[in-house]
Amino acid sequence: MNVKKFVAGMALAAGTSVLSAAVMAADTIKVGVLHSLSGTMAISETTLKDTVLMMVDEQNRKGGLLGKKLEAVVVDPASDWPLFAEKTRELLTKEKVDVIFGCWTSVSRKSVLPVIEELNGLMFYPVQYEGEESSKNVFYTGASPNQQAIPAVDYLMNDLEVERWVLAGTDYVYPRTTNKILEAYLEAKGVDKKDIMVNYTPFGHSDWQSIVADIKKFGGAGKKTAVVSTINGDANVPFYKELANQGVSAEDIPVVAFSVGEEELSGIDTRPLVGHLAAWNYFQGVDSEANERFIQEWKKFTGDEKRVTNDPMEATYIGFNMWAKAVEKAETTDVDAVEQAMIGIEFPNLSGGVAKMNKNHHLSKPVFIGEIQDDGQFEVVWETDGLVAGDAWSDFLPGSKDLIADWTAPIKCGNYNTKAKACGGQGQ
Amino acid sequence: MKHLLLTGCLLLALVTTLPAASAGSVVSEQAAPSATPASEEPGGNRQVLLARLTRASLRESAEVLDQLERSGGRAMRGLFAAMLAGDLYYHRETGRLMAVQKNPAGERIGSDIFTGEGLGVQSRGSIKKVRVNNRLRSHLRDAIARIDLMHGTEAQKEGAVLAILDDLSPQNMRLLQVTADAGQSDRVSELIELARAMVELRDSSVTDARLSAIAVMSGRLEAPVRNQLQRLLDDERESDRKIRIAAQQSLEEIEGRIAFYDFMEQLFFGLSLGSVLLLAAIGLAITFGVMGVINMAHGEMIMLGAYTTYVVQQLMPGAIEYSLVVAVPAAFLVSGSVGVLIERGVIRHLQGRPLETLLATFGISLILQQAVRTIFSPLNMPVVTPGWMSGVFAINPVFSVTFNRLYILLFALAVFALLLVTLKKTSLGLNVRAVSQNRDMAKAMGVRTEMVDAMTFGLGSGIAGVAGVALSQLTNVGPNLGQSYIIDSFMVVVFGGVGNLLGTLVGGFSLGVTNKFLEPATGAVLANIIVLVCLILFIQKRPKGLFPQRGRAAE
């Protein structure tokens with residue numbers, strides 16, 4: 001009996017050592033890059049691809065990881081959501097990458113999710129999103145609503161004494177969920193339903209005349225009004241242009257945006273936008289040594305003095321460095337080991353302070369509010385006192401109030417219901 | 001000069017938007033600036049204040065500004081205006097404040113705040129901007145309004161009184177009293193009268209006085225008037241029935257007028273959207289409508305026009321104001337010659353094979369998009385809007401027309417008229433119509449059909465390019481610009497009736513107006529869908545569009 005067990009143990013040990021030898025034999029660690037290089041999202045995602053390539057470069061100059069060089073595998077999912085799933089499968093089964101950095105829109109992430117869970121891959125998602133999700137195989141290094149939308153609303157309410165709210169967004173999952181959370185939050189704060197106006201527009205909307213006129217009318221009711229904008233991508237430019245044209249200035253009706261950063265502003269004449277706001281975890285204008293170094297590095301890497309940095313780039317930077325630390329800690333690139341090693345890892349933010357990966361696969365980060373300046377940069381006008389821990393499940397939606405995500409033993413669940421004490425709750 | 005213009009714009013904005021921001025709280029009698037010339041003020045204290053301004057945190061700045069306003073009054077207007085516009089800098093070493101503006105060559109030119117005396121070119125490192133945020137901006141705007149109330153032009157005074165309607169504090173009313181005593185034009189006195197009526201209605205307890213106040217207020221479109229009446233009706237403590245009835249009537253009258261102007265506004269928005277659709281479709285009305293070529297690369301011709309505008313602006317950075325005038329013919333030539341190339345190179349070989357033409361032109365559109373991505377980068381290009389195209393023309397407090405939309409509406413009509421004349425009155429037009437009606441017969445009569453085909457396609461593409469110049473003022477200039485307009489363009493042409501230019505005009509405007517009248521009720525997303533569904537149903541009933549071609553030519 002004992003002998004049998006012993007032999008079985010030996011066999012198992014031999015098996016694993018053979019396996020690990022096979023892993024060791026691979027001479028590089030492969031890093032998958034899943035960002036759209038063509039189509040509508042190319043404008044934003046190309047930058048992130050370059051960021052990952054820069055990080056890989058830098059890591060290799062430092063001698064790689066676990067004594068091996070890193071090798072980037074770049075694919076182009078072409079802003080085509082189903083193609084994101086196919087390319088993920090290709091990266092994991094054909095290229096056998098150890099980690100993926102990718103996705104921008106929530107719909108692309110949702111399409112990758114089933115594949116990455118089925119094949120047990122590892123992905124870092126670097127963009128602010130609507131929350132209500134936590135997967136064992138994904139780390140969310142962008143902001144969840146309580147790290148961006150809620151602090152921004154608090155700022156408007158407390159510092160600018162806003163009483164009337166326009167929630168304007170593009171018509172898809174991120175703005176709809178964020179606005180649902182914000183509506184619930186505002187109502188909890190005693191804002192009347194009459195004082196909230198919600199408006200959705202299609203992707204790439206370009207004729208903003210009526211909507212801006214409506215906002216003007218809504219704001220003319222004698223109470224301080226602000227616009228909370230989840231308008232995504234290209235549509236922002238004509239929106240701001242129309243605001244300026246109709247004479248809505250930031251002092252009258254400030255617009256706080258969650259999807260407008262330095263990159264988006266580099267395509268517009270920003271003079272008419274001066275004073276409008278954005279909420280992020282990072283601004284290029286934040287004064288810190290690490291940030292200065294990163295900006296110089298980026299300009300050198302792209303060979304363009306005018307290139308700007310933005311929040312999703314910082315999220316990619318933190319995600320990549322945390323992953324590298326976790327791999328060194330786990331001494332392997334095995335997904336399960338790295339996943340557990342990731343939790344609790346800390347890495348300095350570019351914007352000051354130290355980001356920490358929490359049990360729910362979300363980061364603790366500082367939140368900044370910036371005012372747009374005429375050179376297309378932001379001036380920080382407000383920041384949170386300390387770090388804000390990212391919430392996977394919003395506390396303000398009835399369906400997800402009792403849910404938490406905790407990937408450590410013994411819970412190990414992305415949607416644990418604290419009331420029912422069971423895994424498997426439903427959010428919004 | 002430039003910041004004066006800017007201030008003018010801001011004041012225009014004041015007139016039209018009625019800021020919700022309060023008109024400041026630290027107003028005192030002295031804030032109504034004395035007529036004492038600035039030079040007689042004791043300079044020492046002010047120098048200290050100015051020096052403090054350069055060092056103050058954003059929070060402290062407001063206090064410093066108040067003190068400056070009290071001590072300097074009118075003389076401070078230039079300082080405030082420069083700070084509001086973000087042009088106020090100080091010299092790092094001497095601490096001297098100056099207004100700094102970039103000249104066309106990109107050099108920073110300083111000038112003295114108070115005398116306007118030129119201080120020459122400043123290097124980037126030697127000066128630092130005086131920081132300003134939203135709170136300070138609204139503070140500054142109020143301060144400027146108070147100064148303008150006494151010393152400004154008519155328009156500035158009007159804007160200042162309008163701003164005060166939002167905050168009828170006793171201090172502000174005293175300020176208005178001083179202004180009124182100085183004797184004012186009819187419009188300004190009328191507004192001051194209105195402000196007094198509003199205070200009367202709010203504070204008085206005499207029914208008759210309040211009733212006459214309501215009489216003054218009725219029919220006024222200014223938002224504070226409406227808000228006050230609404231608040232009065234919502235307030236349950238207001239028990240005077242007479243007052244309630246009068247206020248109710250007055251509010252109804254105001255709302256009736258607003259409803260009318262709302263209608264006018266919707267109509268303008270609709271016409272404006274229609275003009276964009278018309279511009280986008282008008283080139284297609286020629287290539288698809290007249291020649292019968294299904295040109296999927298039409299959107300890219302628009303895109304090329306928009307990129308031409310960008311390049312023109314890059315080439316003449318000192319003359320942005322005139323760039324559009326140059327860009328229109330340039331875009332026509334660029335898009336037109338690309339059109340001729342496409343026709344000569346591809347389409348002519350596929351004559352009479354619509355399916356292959358469709359696929360080939362679709363391929364061309366992808367090639368052009370990628371070419372632009374490679375040459376200019378996938379990022380959007382910044383196209384500057386010239387000064388004369390920005391801003392609003394305010395007809396009254398609830399109805400204003402933005403200049404860019406107005407010009408584009410006129411431009412679309414002009415392009416349309418020009419095209420109509422070309423087709424009806426020139427020999428090229430005659431040939432085009434002959435070839436499109438009966439190619440073989442035209443050929444037999446000695447028309448060089450090949451040449452005409454190339455020219456027609458060039459004309460259609462060129463006009464698409466011109467449309468691109470106009471669209472560059474409204475939307476993003478990026479590789480995907482064309483894609484967002486191609487469907488709309490086909491929609492307009494098919495709806496209007498293929499081969500009928502007038503149909504395109506009517507089609508464009510009716511789709512635009514329908515869309516804009518639906519939008520407030522249904523939201524932008526649903527409005528688009530409803531219009532599309534209606535269009536499909538319409539085409540089912542009348543496959544040849546609004547104005548079908550009749551007679552033999554139609555076959």
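Mentor: Among the elements of chain B, the lowest mean pLDDT, 42, belongs to helix 1 (residues 2–17) of chain B, and the highest, 95, to helix 12 (residues 298–315) of chain B. Here pLDDT is the predictor's confidence in each residue, from 0 to 100, while helices (H or I, at least four residues) and strands (E, at least two) are DSSP runs, numbered from the N terminus. This is a predicted model, where local features need pLDDT of at least 70, side-chain atom pairs count only at pLDDT 80 or more, and totals for chains, interfaces and linings use all residues. Residues are numbered from 1 along each chain as its sequence is written, and chains are lettered from A in the order in which they are written.

Chain B as a whole averages a pLDDT of 82, with 90% of the residues at 70 or above. Residues 1–42 of chain B, though, stay under 50, and the model has 99 contacts beyond four places in sequence for them; a contact means C-beta atoms, placed from the backbone, within 7 Å.

Now for the transmembrane regions: an unreviewed UniProt entry places them at several spans of chain B, including 267–294 and 521–539. UniProt positions follow the numbering used here, feature names are shortened, and annotations may be inferred rather than shown by experiment. Residues 267–294 of chain B are 86% helix and 0% strand, with end C-alpha atoms 32 Å apart. For residues 521–539 of chain B, it's 95% helix, 0% strand and 25 Å.

Chain B also touches chain A, using 47 residues against 48 from chain A. For the complex, the predictor gives an ipTM of 0.75 and a pTM of 0.79.

Technical notes: Contact = placed C-beta atoms within 7 Å.
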